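I opened a new structure today and kept notes as I went.

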Amino acid sequence: MELTQIRYFLEAAESRHITNSAKNLRITQPALTQAIHRLEEDLGVPLFAAKGRNITLTEYGKYLQKKLTPLMEQLDRIPEQLSMMAKLEGETIHMNVLAASGLVMEAIIEYKKQHGEINFQLQQNSESELYDIAVTTKLFYQSHNEKNSSSYAEKIFLAVPRNGRYKEKDSVCLGEVSEEGFISLQGSREFRYICDRFCQHAGFSPKMIFESDNPAAVKNMIAANMGIGFWPEFTWGGIENENVKLLEIEEPVCQRDIIITYNKNKTDSRNVTEFYEFLTDFFKKRKDESYMEKS
């Protein structure tokens with residue numbers, strides 16, 4: 001199969017009309033018909049059948065469309081990806097932020113005060129390898145021997161209302177809260193996966209009653225005794241609401257690793273390595289400050 005044949009076939013399979021497909025492809029109708037016939041001859045099966053003035057896919061055609069569509073989508077994205085690789089040069093730092101996004105933004109804002117010429121492009125794509133710096137998270141027992149990376153262990157606490165059954169508690173076993181409703185930050189997929197695994201280890205699936213993209217809303221809902229939630233030790237900051245408290249989870253061990261990785265994609269990577277060093281130091285200081293507050 002030739003690439004041109006594949007494009008012609010997918011256009012015809014989408015529109016189910018030879019004349020319209022030929023117009024969309026900016027070729028003549030006979031040229032399109034001949035290309036499809038050659039493809040059918042090469043494959044040895046009929047791909048289309050006539051249906052009035054239109055055409056319909058045979059079972060062979062449906063199968064081929066299903067297989068070729070994602071492949072063509074990937075091919076069509078290659079020019080954009082190559083363009084993105086080219087843009088990695090210069091004063092733009094491309095970041096893939098899959099964890100601790102709030103703390104990362106704080107670090108970027110602080111860094112920009114002294115380095116206004118540096119631009120940042122942020123994405124959240126677990127499949128992408130086109131980045132200068134990535135911030136990800138994993139369960140503490142999952143291996144992560146990435147080169148050019150730093151990791152920070154972070155305990156996960158349980159944020160609860162400072163009243164009722166939790167008023168006198170400083171710690172809790174996760175299994176004790178299996179019937180509670182959980183509140184979480186929307187969009188924190190990696191963190192949500194990790195917390196779901198903690199609950200699985202404790203023998204239950206968390207009952208999610210609300211998700212919000214606003215950390216303040218999560219805190220306020222917990223304070224209003226509407227539910228409980230997992231709370232990372234330092235990347236989400238402290239809880240200033242006097243009606244909410246953090247309980248240490250005794251069992252199972254609830255801890256994750258924050259991993260900051262950088263790629264050497266550029267001819268001159270000084271801007272990337274300088275920000276990487278700033279970011280890792282920023283995380284270390286925040287972690288140390290959190291430890292001091294609790295000690």
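I note at the start that the model is predicted.

**Entry 1: helix α2**

I began with helix α2, which spans residues 18–25. Which of its residues are buried? I found Ile18, Ser21 and Ala22. They cover an arc of only 100° around the axis, so they sit on the same side of α2.

Next I looked at the face turned away from that buried side. I found the exposed residues Lys23 and Asn24 there.

Then I asked what covers the buried residues of α2. The cover includes α1 (3–15), α3 (29–43) and β2 (54–57).

**Entry 2: just after α2**

I moved on along the chain. Arg26 follows α2, in the loop between α2 and α3. I checked its backbone and read a positive phi of about 60°, although Arg26 is not a glycine. I noted this because most residues other than glycine have a negative phi. Is Arg26 buried or exposed? Arg26 counts as exposed, at 78% relative accessibility.

**Entry 3: another positive phi**

I found a positive phi at Ala100 too, of about 55°, and Ala100 is not a glycine either. I placed Ala100 in the loop between β3 (92–97) and α5 (101–114). Here I read a relative accessible area of 6%, so Ala100 is buried.

**Entry 4: a cis peptide bond**

I looked at the peptide bonds as well. The one from Glu251 to Pro252 is cis, with omega near 0°. I wrote it down because most peptide bonds are trans. Where is Pro252? I located Pro252 in the loop between β11 (244–251) and β12 (255–262).

**Entry 5: cysteines**

How many disulfides does a search of the whole structure find? The search finds zero. I reminded myself that a disulfide is a covalent bond between the sulfur atoms of two cysteines. I then went through the distances.

I took Cys199 to begin with. The closest cysteine sulfur to that of Cys199 is in Cys195, 7.1 Å away, which is too far for a bond. My cut-off for a disulfide is sulfur atoms within 2.5 Å. Cys199 is buried, with a relative accessible area of 0%.

Cys254 is in no disulfide. The nearest cysteine sulfur to Cys254 is again that of Cys195, 7.6 Å away. I read 5% relative accessibility for Cys254, so Cys254 counts as buried.

**Entry 6: a nonpolar patch**

Helix α4 (residues 59–87) gives the most to it, with four residues.

I looked up one member on its own. Met85 is found in helix α4. Met85 is partly exposed, with a relative accessible area of 44%.

**Entry 7: Gln65**

Is Gln65 buried or exposed? Gln65 is buried, with a relative accessible area of 17%. The cut-off for buried is under 20%.

What does Gln65 touch, not counting residues up to four places away in sequence? I listed Phe9, Leu10, Ala13, Glu14, Arg16 and Leu57.

How values were computed
Residues are numbered from 1 along each chain as its sequence is written. This is a predicted model: local features need pLDDT of at least 70, side-chain atom pairs count only at pLDDT 80 or more; totals for chains, interfaces and linings use all residues. Side-chain values use heavy atoms; hydrogens and water are left out. Buried means under 20% relative accessible area, exposed over 50%, partly exposed in between (1.4 Å probe, protein chains only). Helices (H or I, at least four residues) and strands (E, at least two) are DSSP runs, numbered from the N terminus. The arc is that of the directions from the helix axis to the C-beta atoms. Contact means heavy atoms within 4.5 Å.
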